[in-house]
Amino acid sequence: MGTAVVDEVRRAIRWGLRHGLVRRAVGKRMQAGDLTARLMLDPATIADPFPHYATVRAQGRLVDNTVVLNTAHHDLTTAVLRSPDFGVVGGPSGRAPAALRFAVRAAGRGPLGPVEPPSMLSTDPPDHTRYRKLVTRAFSARAVAALRTRTEEIAADLLDTMAGNGAGADVIADYASLLPATVIAEMLGAPVEMRRQFLEWGEGAALSLDAGLTFSQFRRSERDIAALQEWMTGHFAHLRRNPGENILSALVHQHDGEGSLSEDELASIAMLLLAAGFETTVNLIGNGVAQLCAHPDQLALLRDEPQRWPRAVDEVLRVDSPVQRTGRIAHRDTEVAGERVRAGRVVVVLLGAANRDPAVFTDPDRFDVTRENAGEHLAFSSGPHFCLGAALARMEGEVGLRALFDRFPDLALAGPPRRRPTRVLRGYHAMPVHLSPAAVDA
């Protein structure tokens, strides 16, 4: 067989191991009427999961669909995410059945995706701690505060361009995606002119976070991840010749000078920083626009009391979380928040459901920018894997949404927005809007 055929066979095996088996098992549960399975595979249920989350919550604290355990409870979700008895799914747990080892070897290694080691999303301490320490300083509250003025400038430039293009726009393509993509590119020392290409690659990489992909989705995901990896490897060579004052240059030095990062670790960290640096915030801004257009009374309140914007961003994160779910595997028999979990069981924590738990949030389905405890949401996870870029995303969300509605106070949807097909990440692929005529003509 030719190389291309062998590569495609190996890709098919990888898909089968990572997604095909899961898709088949979950599909059987969905045919049997299982709601948690529908939340993974049924497009209509995924499009509006919130009523179904309430049903799952009513079914029990841990709902077993025979494939995984699920929880929609805020306290149990928090406890699982913080417990040292649980680790990330896909990490080197050593629990893979022996019968699969030959198939894994035959599948070969695919590109360095975000759901496999050495990605920070897929490693536990001590490796995860080591990786995180290398980049934490760049995302500190102090560092993010220093970026606010530059973020405001980028937002103003993008809004100027939108206004110059006439009364219609796509708020995702023209603004929500480009704002965080520009910020993270500048932070990392990556070429800003490539930001749309980064967004395209990131869209493919985001698919890999979902379990049970179709083969075509899996192929697209591997293709985009491989392209990003190839570009990043070439960019490392550029940074070695032209070092700069940025995170990627520092990571290259860490690899070359001290040898504490392998080539795979270097590439994986760099790729995750770039893609994760815009993925959550694109969804945050888009979801925020949708919520505020649907609740003009809340937008009017923010105009009268702009000091409420930070809390409004937390309320967007709570009510329509950019990340809807994640999973953890029990490393040992344990008890968490009063529930027994056997070693090897996977618990899917439904973050979007936990953020609407009535035990924590009064009238949880109501969008309320004055909600006192909005910041208790779990949109950025919790525990060791709490989102490294949470402060950056919050700042970009606040700056981005406030600048947009200050510039276009009468902004309104021009048609039904289109959701992304992903399940872990929840956001919009397109959102046509009418801009304020006065602002466009100014």
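Two strands count as paired here if DSSP finds at least two bridges between them, and strands (E, at least two residues) and helices (H or I, at least four) are DSSP runs numbered from the N terminus. This is a predicted model, so to speak of local features takes pLDDT of at least 70 and side-chain atom pairs count only at pLDDT 80 or more, while totals for chains, interfaces and linings use all residues. Residues are numbered from 1 along each chain as its sequence is written, and side-chain values use heavy atoms, with hydrogens and water left out.

**Strands around β5**
- In β8, G327 has V348 as its bridge partner, and β5 and β8 (residues 346–349) run antiparallel, joined by 4 bridges.
- β5 also pairs with β3 (residues 86–88), again antiparallel, over 3 bridges; here V88 is partnered with R328 of β5.

**The open sheet**
- Strands β4, β12 and β9 make an open, antiparallel sheet of 3 strands, in the order β4-β12-β9.
- β4 (168–170) and β9 (412–413) are the edge strands with a single partner each, so one side of each has no neighbour in the sheet.
- β9 connects to β12 (residues 432–434) through 2 bridges, running antiparallel, and A412 has H434 of β12 as its bridge partner.

**Helices**
- Helix α7 (residues 127–135) has H128, Y131, R132 and V135 buried.
- Looking down the α7 axis, those buried residues fall within an arc of 95 degrees (taken from the directions from the helix axis to the C-beta atoms), so they line one face of the helix.
- T151 sits in helix α8 (residues 141–164), and it counts as buried because its relative accessibility is 0%.
- Beyond its neighbours within four places in sequence, T151 is in contact (heavy atoms within 4.5 Å) with L179, V183, M395, E396 and V399.

**Second largest pocket**
- A pocket is an open set of points on a 1 Å grid over the protein atoms alone where a 1.4 Å probe fits, with protein on both sides within 12 Å along at least five of seven lines.
- The second largest pocket holds about 340 Å³ of space, a volume being the space filled by probe spheres set on the points, which are joined across faces, edges and corners.
- Its lining (residues with an atom within 4 Å of a point) has 21 residues, with P43, I46, P421, T422 and R423 nearest the centre.
- α2 (35–41) and α3 (43–47) each give at least two lining residues, and α3 has the largest share, 3 residues.

Terms used
Buried means under 20% relative accessible area, exposed over 50%, partly exposed in between (1.4 Å probe, protein chains only).
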